[in-house]
Structure formats: C-alpha cells, structure tokens
Amino acid sequence: MSATSTPNAPTFVAKTKGGRITNFVDERVGGSGILREFGRKVFPDHWSFMFGEVALYSFVILLLSGTFLTFFFDPSMAETHYEGSYTPLKNVEMSVAYSSSLDISFDVRGGLFMRQVHHWSALLFVASVSVHMLRVFFTGAFRKPREMNWVVGGVLLILSMAAGFTGYSLPDDLLSGNGLRIIDGVIKSIPVVGTYISFFLFGGEFPGTVIIGRLYMLHILLVPALILLMIVLHLFMVVVHKHTQYPGPGRNDGNVVGYPLGPVYAAKAGGFFFIVFGVIALMAGFFTINPIWNYGPYDPSPVSAGTQPDWYIGFVDGALRLMPGTIGDWSVEQVWFGQVFSFNVLLPALVPAGIIFTVLFTYPWIERWITKDNREHHVLDRPRNAPTRTAIGMAGFVWYCVMWAAAGSDLIATHFHVSLNDVTYWLRALFFVGPVIAFIVTKRVALALQRKDREIALHGRETGRIVRLPHGEFIEVHAPLDEYKRYKLVGFESPSPLPAEPNAHGVVDKKEKRRALLSKWFFEDRVAPATPAELAAAHGHHGEHEAIESGESQKTLSH
Amino acid sequence: MGNHSDGSPNHSGTVATAGQNEVEKFQDPGIPPHRLRLADTDPKAAKRAERQVALLFGTSVVGTLIFLVAYFAIDLGDDTSIATIRLQNALLGLGTAFAMLGIGTGIVHWAKALMPDHEVSEERHAIRTEDDRQAAVRIVDDIVEETGIKRRPLIRNTLLGAVALAPLPAVAIFGDLGPRPDDKLAHTMWAPQEGKLKRLARDPDGTPIKAADVTIGSAFHVIPEGLNELGEGKLNEKAKAVVLLMRLNPESLNPSPGREDWGYNGIVAYSKICTHVGCPVALYEQQTHHLLCPCHQSTFDLTQECKVIFGPASRPLPQLPIAVDAEGYLVATSDFLEPVGPSYWERDEHERNINA
C-alpha cells in the first residue's frame with residue numbers, strides 16, 4: 001500500500017533470480033509481514049504438546065491415503081460375484097463395495113498397504129485427539145482465554161469418531177455390517193421418529209441398497225470438510241492465544257518461553273510429521289488391521305463370536321452390554337399408551353455419551369463459576385496442583401474405561417477363564433463405584449504428591465547417602481535444590497475456598513450459596529506452596545550443617 | 001517478572017489472594033542459565049552430529065529404494081498367494097518407514113544437536129485492547145443506525161419471518177431419502193403365499209429340511225424356501241426371516257397355552273434376530289438350552305419359550321409356529337405373530353394388529 005502512495009521512493013531490486021521471484025510475489029501479497037510476524041514466533045516445548053501434532057499429522061496422512069483409496073473403491077451395493085485373486089471367496093455373491101475392497105487388498109499393488117495405513121492412522125487420529133484433550137483437561141489449558149478452543153476440540157473429537165465410523169462401514173463386510181445393524185437397532189429405539197429415521201437413513205428396510213453410498217459421501221466429503229474447518233479454527237485460535245507453557249522459572253502469564261518457530265521449532269515439528277508417518281507405515285506393514293477377507297460379505301444371518309468394534313466406539317457398545325434388559329421379572333422396555341419405549345437400548349446408547357460430552361463441553365464454565373476466576377491463564381497447572389479437577393477428570397476417565405472394558409466382556413471372560421455373567425456383574429458395579437473410587441484415590445494421590453513436593457522444596461532431595469555421626473546416629477544426607485528447581489515446586493497457586501459473597505443488592509442468594517459449597521468441595525483440601533520463611537525455618541533448625549537432615553527433625557518438620 | 005512471577009496478578013480480587021494473608025512467596029529466579037551442549041563446544045562433536053544427520057537422511061534414501069524395489073519386483077499375478085501379498089506389504093511398510101523416519105529423525109536430530117537451543121522469552125499481548133473494543137462498538141452502532149432496523153420494525157419482523165421459514169424446503173426436500181415405514185417391519189417372508197405354507201430351508205443353500213433330519217440336540221440355521229431366488233431385496237427379507245431350528249426332548253419344552261402346537265415332536269423354531277438391537281443370535285448352547293447373542297450377550301432360555309435370562313434384551317425371541325407337510329418337510333404354519341428384531345416405536349401397535 002505504501003508502495004502505491006509513494007511511487008517515487010527507491011524500490012528494492014533483488015539481486016538473484018530467486019530473489020526476484022520472491023519479491024514479485026511479496027509485492028503482490030505482502031508475505032514479508034507474515035514472515036515478520038511468525039518467522040520467529042516462540043513456541044514452548046514439552047513432550048505432552050506433541051499429541052495435538054500427532055492428531056494433525058495423522059489427519060494429513062488420512063487425507064493422502066484416503067484419496068488413493070477413492071480411486072479404486074466403488075461404493076455400490078449392487079450384487080456381484082467375486083472374481084479377484086483371493087481364492088477362498090471366488091464366485092461368492094457379494095456387493096460391489098466389498099468386492100472392490102478385496103481388489104484394493106489383493107489386486108492393487110500397495111493397495112493393502114494403503115488400506116492399512118488409512119485404518120491405522122484413523123485409529124491413531126481418534127486416539128491422539130482423545131489423549132490431547134486429556135492433556136488439555138488435566139493441565140487446565142482450557143481456562144480463559146481458551147474455553148472456545150476447548151469446545152472446538154470437543155467438536156473435533158465427535159467428528160473424528162463420525163469419520164471413523166462412516167469409514168469403518170464402507171467395505172460392507174460381515175463385521176461392519178453387524179455394526180450397522182446395531183446402529184439401526186439403536187436408531188429404532190428412539191421414540192416417535194426412530195422408525196422413520198431408520199427408513200430414511202437406509203432408504204427403506206435394513207440393510208437396503210443405498211447406505212454404503214450415503215456413508216461414502218459423508219465419509220469422503222462432508223465429515224472431512226467439517227474436520228478441516230474445525231482444524232483451521234483450532235489453529236487460528238492457537239495463534240491468537242499463543243501456546244500455553246508449563247510452570248517453571250522464568251515462565252509466567254505475561255510471557256511465552258520456548259524456541260523460535262524458525263528454525264528450531266519448525267524443524268522439530270516438521271520432522272515429527274515424518275516420524276508419525278514412519279511409525280504408521282511400520283504398523284501398516286507389520287500389523288494386520290481389519291482383515292475383511294476373513295469376515296466375508298455382509299449377510300444378516302451369520303456373526304462371529306468375540307468381534308470388536310473399532311476402539312473409539314467401544315464405550316457405547318460396552319454401555320449397551322452393561323444395561324440389563326430385565327430386572328427380575330420387570331422388563332426395562334415399557335409399553336406406555338400403546339407405544340414402545342426401549343429404555344434398555346435408549347438409556348445406555350444416549351445417557352453415558354450424553355453426560356460425558358455435556359460435562360466435557362461445559363466444564364470450563366462450571367469451573368469458572370465455582371472459582372470466580374476470570375483471569376487469563378497461560379501457565380499450565382501441574383495436575384497435582386489442582387487435586388479436585390484432576391480427580392474429576394480421573395473419575396470420568398475411569399467411567400469411560402469401565403464402559404470400554406465392557407465392550408470386551410466376552411473376551412475378558414474367555415481369556416481369563418471366568419464366567420461371562422460375573423464379568424458383567426462386576427463391571428455393572430464398577431460402572432457406579434469405579435468413578436467414586438477413582439475420585440477419592442486421585443485426590444489423595446495428588447495431595448500426597450504436593451506434600452512430597454513441599455518436603456523436597458524445604459528439605460532438599462534424598463541423596464541415598466547414609467552417614468554415621470560421631471555419636472553413633474545414622475542420618476541420610478539431603479541435597480538442597482538449586483533455586484530454579486525449587487521454583488518449579490513452589491511456584492503455583494493454591495486457592496482456598498471462596499466463601500459466599502453478597503450480590504449487588506447485598507443478598508447472598510441460593511445460587512451463590514451453592515457455589516460457595518462447591519468452592520469448599522473444590523479447594524477445602526489443599527497444600528499451600530512452601531514459602532521462603534518456611535525454608536529459612538527449616539534450615540535454621542539445623543544450625544551449621546543445613547543440608548543435613550536428621551530423621552527426628554524430619555518428623556517434626558513435615559507437618 | 002518481579003511481583004507477578006507467580007502467575008497471579010493481584011488486581012482482580014482473585015482466588016489466589018482470597019483468604020491468604022499475603023504470604024511472602026518465592027521470587028521467580030528467571031530462565032535458568034543456558035547450558036552449552038557438547039556440539040557447541042567441541043567442533044569434533046558437532047562434526048559427528050553432522051555426519052549422523054547425513055547418515056539418517058541416507059537411510060531415508062535406502063528406504064525409498066526398498067519401497068520401489070518391493071513395488072516393481074514383486075508381481076501380483078492372477079494367482080498371488082496371501083504370503084506374497086504379506087511380503088510385499090511388509091516391504092512397502094518397511095521402505096516407507098525408513099524413508100519417513102530417516103527424514104524425520106534426521107531433521108529432529110539436526111534441530112536438537114546443531115541448531116541454537118537458547119530458550120527465548122516473548123511478551124504476550126492483550127487479546128483485545130480497550131481501544132479496539134470501543135472502536136468496534138462505535139462501528140456496530142453506526143452500522144445498525146445506518147440500516148435503520150431499529151426504527152423500522154416492520155422490515156425487521158417480516159425479514160425474521162421470511163428467514164425463519166426459508167429453510168423449511170431444505171428440510172422437506174429430504175423427504176425422499178426413504179419410504180414411509182408403514183407396517184413393513186411387522187411382516188416377514190414366512191407368511192403363507194396363496195394358501196401354500198413356506199418350507200423351512202437350510203441357510204445358506206436353501207434346501208428344505210425334513211423333520212426326520214432333525215435329531216435331538218441338533219440345531220439348524222434356517223431361511224424360508226424361495227429366499228435365495230429373490231433378486232432385489234433378498235438381504236432385506238433375510239434380515240427379518242432368519243430362524244434357528246432346534247430339537248429338544250419334548251418334556252423340557254414348556255409351551256404356554258395356545259402355543260402347544262407351534263412345535264413338532266420337540267422341534268421348535270425361533271427368530272434368529274435379537275430383540276435387543278438386531279444381531280443374529282447365533283450361538284446355541286446344547287447342554288443348557290440357552291441361545292446367546294455374541295454381540296451383547298443377551299441370553300435366552302429355550303425351555304422357557306426363549307425368555308431373556310441375562311443381558312440387555314428385554315423381550316423373548318419370537319417363535320415361528322411350525323408343522324410338517326405331507327412330504328415330511330417342516331413348514332411354517334403362519335408368519336411370526338409379532339414383529340421380529342429390535343423394538344421400535346410402533347411395534348406394540350403392529351403386534352396388536354397382527355393378533356386382531
């Protein structure tokens with residue numbers, strides 16, 4: 001713009017040919033400004049920040065391998081007789097979709113490899129999105145100003161599962177067909193509109209002849225487009241917010257400490273893409289995934305025992321298994337006013353997933369309301385330093401895992417030679433008790449770790465060196481921490497419960513009282529960070545040999 | 001860094017300060033001093049790292065070659081064995097892995113060993129400045145003012161109405177995604193056609209079953225005669241009509257009133273479609289007379305007319321009334337007397353219609 005307003009200013013002339021091309025582009029789109037803004041942008045470094053990168057990279061690999069597969073896959077459910085080179089299925093009647101999936105596996109060179117790359121990276125994609133969200137939750141990275149990005153992440157998790165499931169069904173093999181059958185059964189249990197949704201989805205009765213084509217369109221166009229859109233939003237907000245950083249010396253909410261994008265961070269992140277690709281290629285080369293040729297074409301009659309859905313659908317399938325259909329002689333399915341309410345299907349299919357995603361989406365606002373904390377946070381919490389949040393997270397995680405384990409109840413039973421019914425009864429109990437136990441245990445462990453941190457900060461680290469003093473007493477020598485290591489252990493907030501405060505009218509209303517109760521529950525058990533005064537006191541206790549701790553004084557000091 | 005080093009600015013009445021009597025805190029000592037790496041001080045070590053990076057990039061080239069050789073040298077003819085395909089797949093995987101990991105680890109090693117590892121601190125800037133906020137509010141106010149939408153409620157309201165209704169065609173246009181369900185789920189192929197009873201046939205070859213073939217303790221997977229001859233919609237019919245046929249000692253069956261003649265000589269037929277979410281109930285435990293669904297482990301007791309004794313299913317499996325025709329073949333005397341498979345909203349209504 002300034003170039004047009006000052007035509008007489010001396011213009012820059014590049015010396016090399018490459019420079020002239022770069023300059024040509026730059027003069028027209030203004031790349032210099034972008035480079036100036038981002039070229040040296042600082043990114044903090046930590047291994048746990050890589051999960052999001054794994055998710056992004058596996059999505060790129062999904063796009064690449066998926067595009068290859070579309071060149072050979074035919075999503076038609078027309079009947080055909082297999083003529084490919086896999087002899088056990090020669091002349092078997094099957095759909096064109098299944099037949100072309102077999103052709104990709106056996107008659108397209110590298111086709112099997114691409115199928116396996118695609119399936120493995122799909123599994124890895126959902127897994128890395130999930131683990132990334134766990135990391136964000138447990139470190140409190142969802143706090144202001146990142147609440148909206150947390151929600152975008154939740155949408156991405158749902159979309160990644162949708163992408164996985166629509167793709168899983170495409171080969172039209174026996175296993176995925178049974179998966180669709182279960183989906184159909186769940187849809188039919190929806191009150192009022194269930195039967196219509198089922199008929200509209202399958203274009204008539206199950207399985208019909210259109211479902212694969214419809215899922216194909218969702219799988220290769222709509223869902224990936226939405227994922228791409230969400231990823232753009234997600235990364236845009238990462239740039240706006242800049243990355244969070246772990247607590248430590250020199251790090252605070254006003255700065256970001258790490259490596260500049262160019263060259264170190266770009267090299268590490270860029271190199272990591274190739275590493276993710278390499279690992280997926282190794283898995284695809286050596287570990288068979290979804291051997292559709294073993295299952296045969298879809299047929300509503302046969303089913304094999306011990307079959308499992310892809311892992312991310314497991315928790316819904318497990319919930320379906322856990323729900324009893326009859327309690328005593330009372331049927332959970334009810335007929336009211338002449339209409340059927342299949343609570344035995346409806347409740348497990350919708351309620352646990354509904355609770356998990358509702359809590360997931362609203363948690364940043366719940367915590368913000370309880371803590372009244374409206375500050376921006378760019379320094380992460382170590383999970384131990386937010387014991388109640390960590391405990392809530394673990395309770396949810398254990399709940400999920402119980403349901404997930406239930407999806408393999410038959411395999412657990414056959415593998416460990418126990419009764420299938422007993423496995424189910426235990427898992428039903430754990431469904432209710434597990435999260436409670438997880439909450440209590442996690443909170444205690446977090447508090448214990450905080451106390452440990454405190455002790456190390458005040459008394460130094462155990463060296464393992466036992467010294468005998470002249471008067472016969474044995475002591476273990478403790479080495480004091482340097483100030484950087486100590487700051488990592490003491491530089492955190494430990495909020496205490498925030499009592500109910502009157503509102504603008506000077507009244508403490510019911511909502512505020514409830515908030516105060518929750519705040520008490522949240523922050524009641526706390527370990528305050530060690531203070532310089534305490535450190536001085538701890539050292540003063542020992543007189544001259546301040547690095548040395550006697551067992552006795554340790555006892556008196558640790559409380 | 002100063003007083004804000006603990007990450008708790010004291011200006012917003014925060015939790016961190018509430019209830020704490022302004023206890024003195026440790027001061028942030030700042031970023032730890034930079035420690036030099038071996039490659040920073042020892043030129044030999046730097047040279048070594050350089051060679052290692054080059055070696056890793058070289059490995060990548062080898063991987064690419066492995067891939068190309070495996071792709072072109074292993075030919076998938078018409079009679080390829082599974083072993084050949086596995087070998088090719090493994091080599092393609094190995095080649096790609098080397099090609100990618102070589103580049104990836106090479107770059108990362110280069111970054112870690114040779115590029116500067118000084119940690120840099122950068123200021124964060126406010127996401128929104130008060131200046132911008134006020135300017136934005138002014139702009140929005142001006143825009144709203146210029147449209148005059150507040151002064152002309154007629155325009156606003158008619159626009160809202162039009163916009164609210166406009167998406168309706170977009171919903172309606174999906175009406176042809178599928179036909180109306182009507183009572184399609186209530187009927188199966190087992191209904192006698194023109195007075196002719198349907199024979200029970202073996203799944204999948206479709207040969208009819210003679211009562212004499214069914215010995216005590218045996219079980220058959222059954223489809224209706226004529227299913228395999230259907231062209232279009234064969235799987236749809238099969239998804240409703242599949243049946244399990246078993247023969248027990250007649251004494252161990254306890255038919256309820258009205259169902260005494262639904263079996264023949266201890267031979268009974270039940271729908272194979274689970275009443276839970278529709279998986280085939282494919283496992284028959286001969287000793288206990290239990291039927292088990294492998295998907296969600298619903299268990300049905302044959303001796304109690306397939307009542308649910310375990311698992312998530314709520315209703316017994318529907319029984320198909322059977323008899324023997326003049327030639328000794330098993331036939332269905334009627335269609336199922338209730339809809340088969342998973343429950344749905346109108347199911348009870350359909351059942352009442354069937355029995356009316």
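# Two chains, strand by strand

Biologist: Which strand does β4 of chain B pair with, and in which sense?

Modeller: Strand β4 (residues 243-247) of chain B pairs with strand β5 (residues 267-271) of chain B, antiparallel, over five bridges. Strands here are DSSP runs of E, at least two residues, and helices are runs of H or I, at least four residues, numbered from the N terminus. Two strands pair if DSSP finds at least two bridges between them. This is a predicted model: local features need pLDDT of at least 70, side-chain atom pairs count only at pLDDT 80 or more, and totals for chains, interfaces and linings use all residues. Residues are numbered from 1 along each chain as its sequence is written, with chains lettered from A and ligands numbered from 1 in the order in which they are written.

Biologist: OK, and what's the bridge partner of B:Val243?

Modeller: That's B:Ser271, in β5(B).

Biologist: What's the strand order in the open sheet of chain B?

Modeller: The order is β10-β5-β4-β3-β2-β12-β11, seven strands with antiparallel pairing. At the edges stand β10 (319-320) and β11 (322-324) of chain B; each has a single partner strand, so one side of each has no neighbour in the sheet.

Biologist: Switching topic: which residues touch the most other members of the largest nonpolar core?

Modeller: Among them are B:Val222, B:Val243 and A:Ile280, in a core of 166 residues. A nonpolar core is a set of buried Ala, Val, Leu, Ile, Met, Phe, Trp, Tyr and Cys residues joined through C-beta atoms within 7 Å. Buried means that 20 or more other C-beta atoms lie within 10 Å of the residue's own, exposed means 12 or fewer, and partly exposed is in between, with C-beta atoms placed from the backbone. Helix α6 (residues 111-138) of chain A gives this core its largest share, 14 residues.

Biologist: How many residues does each chain put into the contact?

Modeller: Chain A puts in 106 and chain B 94, where contact means C-beta atoms, placed from the backbone, within 7 Å. On the chain A side, helix α11 (residues 261-286) gives the most, with 16 residues.

Biologist: Which strands of chain A and chain B pair?

Modeller: Strand β4 (residues 255-260) of chain A pairs with strand β1 (residues 120-123) of chain B, antiparallel, over four bridges. There, A:Gly258 has B:Val120 as its bridge partner.

Biologist: Last one: why does β9 of chain A lie largely in the open?

Modeller: Because zero of the eight residues in strand β9 (residues 461-468) of chain A are buried. β9(A) forms a hairpin with β10(A), with five residues between them, and A:Glu462 stands opposite A:His478 in β10(A).

Technical notes: Two residues are in contact if their C-beta atoms, placed from the backbone, lie within 7 Å.
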